[in-house]
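Me: I have a structure open and have not looked at it before. Can you walk me through it?
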Amino acid sequence: TSFLAARALAIKPSPSMAAKARVDQLRSEGRDIVDFTVGEPDADTPAHIVEGAIDALRAGQTRYTPTAGTAALLKAVQGKFERENGLRFGLDQIIVGVGAKQLIFTALAASVQEGDEVIVPAPFWVSYPDMVLANEGKPVIVVCDEANGFKLTPQVLEDAITPRTKWLILNSPSNPTGAVYAKEELAALADVLLRHPQVAVLTDEIYEHLCYGEAPMASLAKVAPQLADRVLTVNGVSKAYAMTGWRLGYAAGPKVLIRAMATQISQNTSCVSAVSQAAAVVALTGDQAGVAEARETYRARRDRVVALLNAIPGIRCAVPDGAFYVYPSVQALLGRRTPQGKILANDLDVVMYLLDAAGVAVLDGAAYGLSPYIRLSFATSMSQIEEGCDRIAKACAQLR
Ligand code: PLP
């Protein structure tokens, strides 16, 4: 028997982290790689946030803070939910964590019993199923195909629910597809959930500010207030304010759950680093102009990458409504032969071919639960987007 616990052996390292390591390795060998795997904004954290953090350090914000977060940050998060989402939460319904990632993990750790089912619509952010497994739950993957915009429909949800269903995880805007649920679509899912009071919903809204449609992002807790006592809304500063390295997320929901999550955190990380919390206060309460500017930068890149990919025979790319990813189909490349004589049998073969033949790093749809697709992040410069797509086009043209 292994020294390691079964729940540790049940999970694998994040594929996007692994891809980053592979790109770094190839670059260290001197290869010129266009990297479309990156899941973070390419910009630095805005200067006023960095200055605020430095001021906080000089003012002595260098100690442990309350587990759920500093009073100033909890108030800032409360204000953000009210201002941007029309949601009112008491301060005891809010918690901050080491990224949205820790909060999602902690919510599951605080609630999932062995064998509890967690519905994860696919394509999914790679961490959800593994986080469920790490907490001895059972991920129930439901495929949401492209014909439905990669979105969960009420019927598919209804069919997936059992008496053991504990959670549904929703992610809008979505990583990896960029799908965004409209208000009406969330309301239709809420109708199903109202019939199944055992099911709680974790809604991951980390890409909220990267929504390219007319309407602001619809938040489930606002659309369906009847579900308030079982919706956990998760968000953070990573993507909205280019603050991935600060590691700060926040969540709001039912008091009992928030309290249990705080107890978990009190026994693992104690609290988020004080300086990161101070920086997040500045991000959430300071000048918001940069958020809209970043959105317009991403929109231009999105339009460009979609157009360039759709011009490549064999690739078909839908226009994402949010986030900074495209998820094109590579169905028409399968069965083709590379100049080295290898037949491309699946999306991972396509990924490896593009890396070897074109020096372009992308991720395979298989890792996200729906094939045959690849994921490209457009959180990179316009010139890299153009260079990368040009290389992909040339590599595809060499297939027979
Ligand atoms: N949720 C989704 C869908 C993500 O794509 C990511 C990061 O890639 C996260 C959560 C994690 O965000 P954080 O940096 O706040 O932990």
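Predicted model: local features only at pLDDT ≥ 70, side-chain atom pairs only at ≥ 80, totals over all residues.

Me: Start with the domains. What is the chain divided into?
Reply: There is domain 1, made of 6–44 + 290–397, and domain 2, which covers 47–285. Their centres, taken over C-alpha atoms, are separated by 26 Å.

Me: How many residues does each side put into the contact?
Reply: Domain 1 gives 33 residues and domain 2 gives 30 residues.

Me: On the domain 1 side, which elements give two or more residues?
Reply: Those are α2 (15–28), α12 (289–310) and β9 (325–326). The largest share on that side comes from α12, with five residues.

Me: And what is that side by class?
Reply: The side of domain 1 that touches domain 2 has 17 nonpolar residues, seven polar ones and nine charged ones.

Me: OK, the inside now. How many residues are in the largest nonpolar core?
Reply: The largest nonpolar core holds 130 residues, and I95, V201 and L354 have the most contacts inside it. Domain 1 and domain 2 each supply at least three residues to this core.

Me: Which helix gives the largest share of this core?
Reply: That is helix α11 (residues 274–285), with seven residues.

Me: V201 was on your list. What is V201 in contact with?
Reply: Leaving aside neighbours within four places in sequence, V201 is in contact with W167, L168, L170, L193, L220, L227, R230 and V231.

Me: Back to α11. How many of its 12 residues are buried?
Reply: Nine of the 12 residues are buried, so α11 is mostly covered, a residue being buried if 20 or more other C-beta atoms lie within 10 Å of its own. The buried residues are S276, Q277, A278, A279, A280, V281, V282, A283 and L284. They pack against α3 (47–58), α4 (71–85) and β2 (94–97).

Me: How does the span of α11 compare with what it should be?
Reply: At 1.5 Å a residue, the 12 residues of α11 should span 16 Å, and the end C-alpha atoms are 17 Å apart, which agrees.

Me: How far apart are the end C-alpha atoms of α13?
Reply: They are 16 Å apart, and the 12 residues of helix α13 (residues 347–358) should span 16 Å at 1.5 Å a residue, which agrees. After α13 comes G359, with a positive phi near 65°.

Me: Changing topic: the ligand. Which residues come nearest?
Reply: Of the 13 residues around the ligand, the nearest are G99, A100, K101, G236 and S238. Helix α5 (residues 99–111) gives the most to this shell, with three residues. By class, the shell has three nonpolar, eight polar and two charged residues.

Me: Now the backbone. Which peptide bond is cis with omega near 0°?
Reply: The bond from A122 to P123 is cis, with omega near 0°. P123 sits in the loop between β3 (117–122) and α6 (127–134). The bond from N175 to P176 is also cis, with omega near 25°, and P176 is in the loop between β5 (165–171) and α8 (183–194).

Me: What is phi for R247?
Reply: R247 has a positive phi of about 60°, although R247 is not a glycine. R247 is found in the loop between β7 (231–236) and β8 (249–252). With 19 C-beta neighbours inside 10 Å, R247 counts as partly exposed.

Me: And S270?
Reply: Phi of S270 is positive as well, near 70°. S270 lies in the loop between α10 (255–267) and α11. S270 is exposed because 12 other C-beta atoms lie within 10 Å.

Me: Last one. Where is A311?
Reply: A311 is in the loop between α12 and β9. With 11 C-beta neighbours inside 10 Å, A311 counts as exposed. A311 and A393 are 82 residues apart in sequence, and 8.3 Å apart in space, C-alpha to C-alpha.

How values were computed: Residues numbered from 1 in each chain as written. Helix = DSSP H or I, 4+ residues; strand = E, 2+ residues; numbered from the N terminus. Expected span 1.5 Å × (residues − 1). Domains from an automatic or database assignment. Contact = placed C-beta atoms within 7 Å. Nonpolar A, V, L, I, M, F, W, Y, C, P; charged D, E, K, R; others polar. Core = buried A, V, L, I, M, F, W, Y, C linked by C-beta atoms within 7 Å. Near = placed C-beta within 6 Å.
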